[in-house]
Amino acid sequence: MKLLVTEPAPALPPICAAICDPLSGTDSAVFCSFTGSAKANKAETSISHDTATKDRVVLASLERVELRADSRDAFDSPVRYLVGVVDRSTNTVRLCEAPQLRFKTIVKARSQFKPSPLGAKNTLARHHLGEMFGTIKKKKAISAMERNKVKIESLASAEQVIKTMIDEAEVLLPSQEAVQNEIEEGRLIPPFDINATTPSKVYNLDSIMSPSELETIEVDFLLNVQYKEDLQSEINQVYPSAWVFDKIFQALQFKADKLVVKKVVYILFMMKFLTLRDNALNKPHPLPHYVDNHIQSSLLQKFTNSQIDNGVARYSFPDRLKDKLKAYILCACLILDDFRCDTTILAKDLNVSNSSVTTTFRELGCKIETKMKTNNIAILTTPLTFPPPKVKKSRK
């Protein structure tokens, strides 16, 4: 076998490549080599000279990055690599120098942001020339560039000041527990015990109707009613309510508990109060004359807004306080029904939709069960859970 040295060297000799960044998928990458014209003196002819003087670029493109190597960025290594190419047809070995190329990783998404080739000294010199001989537009551009420079020293001095301001503001922020407590306190429902283990301990009926108010209610005439029609007539004189009628009628079938009847009548008074308009609230007696003033004053205080006008109190009944009164009514019904209420009957009594009643029961912590596809049953369970507060969408 003969040793053959070609003059000149082949146009595409082998290349010794080094990829600095470990990447996946380079095994299947297709590398392309591009060679420019030689700029060296043609009189110099050697293998090493020919491969070194040509501007050779080797490229490979992956999905997210590009691999690029240039003969001008070759290793400054004292070691030279030669590759022998065997040609069996002529029984010769051709020796070729393999230049060492270092591949750079170029992220495709950032390839459009090319660094400026000008150094700091060149930029400063250009600015001096622009300030002396440049046009007015050029001078303004130089001044704007100087103004927009970020001074690292000023940022370092302001870092501690900013950190101190953030720490001071962080102290004023309420904790997550405080925010949650504020949300719970802002609910339009009677006072409750969030840690109650049984439904009977969640709400206290005394917070809705006080014992002193119940003492003012006279129910002897209802206990002496003998006919169903007469009982219905007495109730309708205040407010027609099927739920109140059923509760009092059941009490009369057995030995009537006078205190329970008083509680049911108090709920009837609240249902009547829910229907009043603002002009009726400002009358001397908003409710019927047989309702004690103590009860009327209590309802006005808890469920209306008042304003003193020329020494006279003027009352208004906004929707928010109407929802609060509705929640108090349903909570009282829930307690007297042993924490299981038929939402359909109460929706008809309050003259609202069934969905509105079920929403209020959920605000009270109840679970809703469907019965016979028409009636919903609200059941109070423990541990007490409330639906998350509604977030108001901002208008664009």
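Trainee: Starting with helix H14, what covers its buried residues?
Mentor: Several elements do. The cover includes helix H9 (242-253), helix H10 (258-274), H13, S11, H15 and S13. Keep in mind that this is a predicted model.

Trainee: How many of the residues of H14 are buried?
Mentor: Six of its eight, so the helix is mostly covered. Buried here means under 20% relative accessible area.

Trainee: Which ones are they?
Mentor: Thr 343, Thr 344, Leu 346, Ala 347, Asp 349 and Leu 350.

Trainee: You listed S11 and S13 in the cover. What sheet are they in?
Mentor: An open sheet of three strands. The order is S11-S13-S12, and the pairing is antiparallel.

Trainee: Which strands stand at the edges there, and why is one side of each left without a neighbour?
Mentor: Strand S11 (340-342) and strand S12 (366-371).

Trainee: How many bridges join S11 to S13?
Mentor: Three. Strand S13 covers residues 375-380, and the two strands run antiparallel.

Trainee: What about H15? Which strands does it lie across?
Mentor: S11, S12 and S13. Helix H15 spans residues 354-363 and runs at about 140 degrees to S12.

Trainee: How do H13 and H15 cross?
Mentor: At roughly 75 degrees, with their axes coming within 10 Å. H13 covers residues 319-336. The two helices are therefore roughly perpendicular to each other.

Trainee: Which residues meet there?
Mentor: From H13, Lys 326, Ala 327, Leu 330 and Leu 334. From H15, Ser 356, Val 357, Thr 360 and Phe 361. By class, this contact has five nonpolar, two polar and one charged residues.

Trainee: New topic. Where is Pro 199 found?
Mentor: In the loop between helix H5 (176-185) and helix H6 (211-215). Pro 199 is partly exposed, with a relative accessible area of 24%.

Trainee: What is Pro 199 in contact with, leaving aside its neighbours within four places in sequence?
Mentor: Phe 339, Leu 380 and Thr 382. Pro 199 and Leu 384 are 185 residues apart in sequence, yet their C-alpha atoms are 8.5 Å apart in space.

Trainee: Now the five-strand sheet. What order does it have?
Mentor: S2-S8-S5-S4-S3. This sheet is open, and its pairing is mixed. Strand S2 (16-19) and strand S3 (32-35) stand at the edges. The twist averages 25 degrees from one strand to the next.

Trainee: How many bridges join S5 to S8?
Mentor: Four, and the strands run antiparallel. S5 covers residues 65-70, while S8 covers residues 100-107. Arg 68 has Lys 104 as its bridge partner in S8.

Trainee: Last bit, the whole chain. How many helices and strands are there?
Mentor: There are 15 helices and 13 strands. The chain has 396 residues, and 32% of them are buried. The accessible surface comes to about 27000 Å², with 54% belonging to carbon and sulfur atoms.

Trainee: And what share of the contacts join residues at least 24 apart?
Mentor: It is 62%, counted among contacts between residues at least 6 apart in sequence.

Technical notes:
Residues numbered from 1 in each chain as written. Predicted model: local features only at pLDDT ≥ 70, side-chain atom pairs only at ≥ 80, totals over all residues. Heavy atoms only, no water. Pairing = 2+ DSSP bridges. Contact = heavy atoms within 4.5 Å. Axes fitted to C-alpha atoms, helices over the stretch in contact; angles between N-to-C directions. Parallel < 35°, antiparallel > 145°, perpendicular 65-115°, else oblique. Nonpolar A, V, L, I, M, F, W, Y, C, P; charged D, E, K, R; others polar. Buried < 20%, exposed > 50% of the residue type's maximum accessible area, 1.4 Å probe, protein only. Areas by Shrake-Rupley, 256 points an atom, 1.4 Å probe, with all protein chains shown as cover.
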